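Please open the model in your viewer and keep the sequence panel beside it.

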Amino acid sequence: MTDLSRTPVTLIGASRGLGRVLAETFHGLGAQVLVVARGQAGLDALARDLPGVAVLACDASAADTPDRVFAAQAPRILILCGGAMPPCRPFTEVDWEEFSGNWNNDVRMSFHFLQATLKRPLPPGTIVVTITSGAVRQGSPISGGYAGAKQMQIFMTGYAQKAADRAGLDLRFLSLAPARLMPQTAIGAAGVKGYAAYNGTSEAAFLKAMGQELTPQQVADELLELIEEAPPGGNFIISPDGVAALG
């Protein structure tokens, strides 16, 4: 990545896990980072650990949140990486509220932010990245509606690019799906625990069977490359072997 000094970067859902690693990475490159999340305690810890990072506590899925966020900072890089914890139980053991949790949070967040990016619109040259999941390739039978929600986020990111192109807006929308569970994150650790139980094996055995690990820092590093080089409307998946187009 070239120089990010003083570049406004807004991270939605980034007080922990992959989002926090992204915040650390952009902060280290000199960007003006704004982190948005629900939990004030996590935001306070992040602000303490990363002096100069601005934080805003709010529900990212609320309809008025994009206006609040863009009033605080008009980003040149906007990353949507938040979402609800999926249930991590078999399909027959979840009710509709649990099944639809990621639709009511992750999808709703993307819906409001992608629309607001276009309607405002954000400054020419702004890049918007939606973080999704490798679950879109093979589903996730213990995660309720998670895989479908992540696929819908990919669709909406594509819709946003088409809308920008039709309106002649210089905006670039991308999506990036980590291909594997990352046990360093809360959702990854819950997934490892849930799938180990589902498969009747130990967590160590499940991790070994999964093969070479994918780390949040790898995702952050590849994201920087995509921001610099990827064409508008691209959907990508990252594995330990690198980044590929998500077909």
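Begin by selecting Pro121, which lies in the loop between α5 and β5 (126–131); helices here are DSSP runs of H or I with at least four residues, strands are runs of E with at least two, and both are numbered from the N terminus. The peptide bond that leads from Arg120 to Pro121 is cis, with omega near -25°. Before moving on, note that this is a predicted model, in which local features need pLDDT of at least 70 and side-chain atom pairs count only at pLDDT 80 or more, while totals for chains, interfaces and linings use all residues. Residues are numbered from 1 along each chain as its sequence is written, and side-chain values use heavy atoms, with hydrogens and water left out.

Next, select helix α5 (residues 101–119) together with helix α7 (residues 146–167), whose axes come within 9 Å and cross at roughly 5°. The axes are lines fitted to C-alpha atoms over the stretch in contact, and the angles run from 0 to 180 degrees between N-to-C directions. The helices α5 and α7 are therefore roughly parallel to each other, a term for angles under 35 degrees. If you show side chains, you will find Trp103, Phe111 and Leu114 among the residues of α5 that meet α7, whose own partners include Tyr146, Met152 and Met156; contact means heavy atoms within 4.5 Å.

Now turn to the cysteines, and select Cys88 in the loop between β4 (77–80) and α4 (96–99). Cys88 has a positive phi of about 60° although it is not a glycine, and at 17% relative accessibility it counts as buried, meaning under 20% relative accessible area, with exposed being over 50% and partly exposed in between (1.4 Å probe, protein chains only). How many disulfides are there? The count comes to zero, where a disulfide is a pair of cysteine sulfur atoms within 2.5 Å. The sulfur of Cys88 is 18 Å from the closest cysteine sulfur, in Cys81, which is too far for a bond. Cys81 is itself buried, with a relative accessible area of 16%, and its sulfur is 13 Å from the closest one, in Cys58, again too far for a bond.

Finally, go to Arg6 in the segment before β1 (8–12). Is Arg6 buried or exposed? Arg6 is exposed, with a relative accessible area of 62%, and has a positive phi of about 65° although it is not a glycine.

Terms used
Angles under 35 degrees count as roughly parallel, over 145 as roughly antiparallel, 65 to 115 as roughly perpendicular and the rest as oblique.
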